[in-house]
Amino acid sequence: MDKPLVIAGRTFKSRLLLGTGKFASPQEMVRAIEASGAEIVTVALRRVELDNPEDSILSHIDPGRYLLLPNTSGARDAEEAVRLARLARAAGCEPWVKLEVTPDPQYLLPDPVETLKAAQILVKEGFVVLPYINADPILAKRLEDIGTATVMPLGAPIGSNRGLKTRDSIEIIIEMATVPVVVDAGLGAPSHAAEAMELGADAVLVNTAIAVAGDPEAMAQAFKKGVEAGREGYLAGLGHSQKIASASSPLTGFLGS
Amino acid sequence: MSFYDELKQVAWEDIRREIHARTTEDVERALGSRACTLDDFVSLVSPAAEGYLEPMAQRAHSVTEQRFGKVISLFAPLYVSNECTNPCVYCGFNVHHSVERLTLSADEAAEEGEYLRKLGFRHVLLVSGEAPKVITESYLQGVLRRLRPLFSSISIEIYPMSTEAYRGMAAEGVDGLVVYQETYNETGYLTFHPGGKKRDFRWRLETPERGGAAGFRRIGIAALLGLDDWRIEAYCMALHARYLLRHFWKSHITISFPRLRPAAGGFQPPRLVTDRNLVQMLTALRLFLPDVGFTLSTRESAALRDHLIPLGITSMSAGSRTEPGGYTHGAEAEAQFEVADDRSPAAVAEVIRRKGYEPVWKDWDAAFIQRAS
């Protein structure tokens, strides 16, 4: 029996987080969210009109069923990210924030220095901070030390659908982490999500691969299964792959048994 | 090194020869490669690629969808003045045209802004002619202070300014800059711009760089299609965008595709750009520049705009009026160009939805750039 995912004291059954950008319509987004079984959905603050309850994204997501996790996508430095997070909280959002500081609008790679700075400020102000980072094990530890609720290393650049290109570093992050590790960005197929979960990631976040799929709802379900299969494989104890056969002991056989 | 120095290395005739020497084998190689290089791009804008528009469109479609998603952003231009000191031969605002001139007061600009906001717009593009004595920096500040509470993103397409002046605009809440080079051919440029401040080719060409230095988040460029050979203009735009991406890596670069439209003065574009040409240029640029935003204005017909949506477009204007005061007071002053797609913003949004995209009215927040105020 698997333990539930716990982030900052809150319990979640699903280990798949969904991003809400890039969908062809709010209806399609809602269907995909439901099919995915996700309980945490991220929403870009820049897309939202915080002072407008009729907002096109917010009005479609039931806050009773889902934890709405606002992200600071578009922020280029710590100051901007902090300002956005404060605005969201002032507007009545829960004090959770997915911290994204991506100064380059091309690959949307996270700025480690500004992310760390922003995390320091936000944690101090009582936010539950889930930082998006490159797969840098030391940065992950530094953020954990500050008090972030998770770390969210990327598998590949956002929207690239290229899979777990940072696999080796993510393995180290998982090995060393004391907070949940959520692999975020770059996962383009259910098998990529399964691979991350097999490594021992606590959860994954997917957006582009589902939103731009031919059938987003079916793809959301496929990712759900990929995540579950990967998790079960991890819990079942995957055999270690070994380069040499272990049946015989050519170097130590002389010792007898 | 500014882009002016880079562009000087481009010999117009050599590029033309190079483009026309490309074969269908070159095009197929370009379409088969994982990342489109500048050399591939040359093949894709060549006459040899004209038989490959469908595969180019297919690739452009999927690249755009993956990078930007199934969404199209909407914005509206807000013309504050048609005063202009330049005699650009193709433009309705040409100083020599005896047309009705009008500069909106801050109150009138706010009235236009309120109207656009009610229609749903949250991104606005402030437009004027080049008349710095009338459209002064303090005039613009006054207008911006009224518009800032109404919109989540404000871009400007006014006359080229200094870096310092752009910093002032950014401080008033402007986050984007649009400036068309019109043509990248310096010799031709002088013919089309026979006088006025705009005659200074280099000052205009380096405007996006000054905007980048001032920290604008979005920088838009374009060639006015119809002035010169579109294939070479496209090549120069590709170089320009690449230069800006490398030097101003924190800014989002956008490209527009303005084809010359009838305007006061009856100017006939010397180099007609056909619909097929436009599609080839757009899709080739998309394959070379997967992360650059592509903007389509109401200069194009409703039918063509609808067809172009899935080929790489990421933002569109809708319901545009190109005369100052046009939204709330009708056509009292001369328009810059004739609008071909006169559908309402709601109607355009509906078409976008029907095409399988979500129309996005807000994709930015003024709070990003508003310092403690």
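Author: Here it is; please note that this is a predicted model. In chain A, P190(A), S191(A), A193(A), A194(A), E195(A), A196(A), M197(A) and E198(A) of α6(A) meet a set of residues in α8(A), among them A222(A), F223(A), V227(A), A229(A) and Y234(A).

Reader: What classes of residue make up the contact of α6(A) with α8(A)?

Author: That contact has ten nonpolar, four polar and four charged residues.

Reader: Are the two helices, α6(A) and α8(A), roughly parallel or roughly perpendicular to each other?

Author: The axis of α6, residues 190-198 of chain A, crosses that of α8, residues 216-236 of chain A, at roughly 25°. Angles under 35 degrees count as roughly parallel, and α6(A) and α8(A) are therefore roughly parallel to each other. Their axes come within 7 Å, and α6(A) passes α8(A) in a right-handed crossing.

Reader: Turning to chain B, at what angle do α2 and α12 of that chain pack?

Author: Helix α2 of chain B, residues 12-21, packs against helix α12 of chain B, residues 230-247, at about 105°, and their axes are 10 Å apart. This angle makes α2(B) roughly perpendicular to α12(B).

Reader: Which residues make that contact?

Author: From α2(B) they are W12(B), I15(B), R16(B) and I19(B), and from α12(B) they are R231(B), I232(B) and Y235(B). Five of the residues in the contact of α2(B) with α12(B) are nonpolar and two are charged, with no polar ones.

Reader: How many residues do the two chains bring to their contact with each other?

Author: Chain A has 25 residues in contact with 22 residues of chain B. On the chain A side, the elements that give two or more residues are α2 (78-90) and α7 (208-211). The largest share, four residues, comes from α2(A).

Reader: And by class, what does the side of chain A that touches chain B have?

Author: Ten of its residues are nonpolar, seven are polar and eight are charged.

Reader: Let us step back to chain A as a whole. How many helices and strands does it have?

Author: Chain A has eight helices and ten strands. Of its 257 residues, 49% count as buried.

Reader: What radius of gyration does chain A have, and what would a compact globule have?

Author: Chain A has 19 Å, which agrees with the value near 18 Å that a compact globule with 257 residues would have. Along the principal axes, its C-alpha atoms fill a box of roughly 80 × 40 × 35 Å.

Methods: Residues numbered from 1 in each chain as written. Chains lettered and ligands numbered in written order. Predicted model: local features only at pLDDT ≥ 70, side-chain atom pairs only at ≥ 80, totals over all residues. Contact = placed C-beta atoms within 7 Å. Nonpolar A, V, L, I, M, F, W, Y, C, P; charged D, E, K, R; others polar. Rg over C-alpha atoms; globule rule 2.2 N^0.38 Å. Buried ≥ 20, exposed ≤ 12 C-beta atoms within 10 Å, placed from the backbone. Axes fitted to C-alpha atoms, helices over the stretch in contact; angles between N-to-C directions. Parallel < 35°, antiparallel > 145°, perpendicular 65-115°, else oblique. Left-handed = near helix turned anticlockwise from the far one by under 90°.
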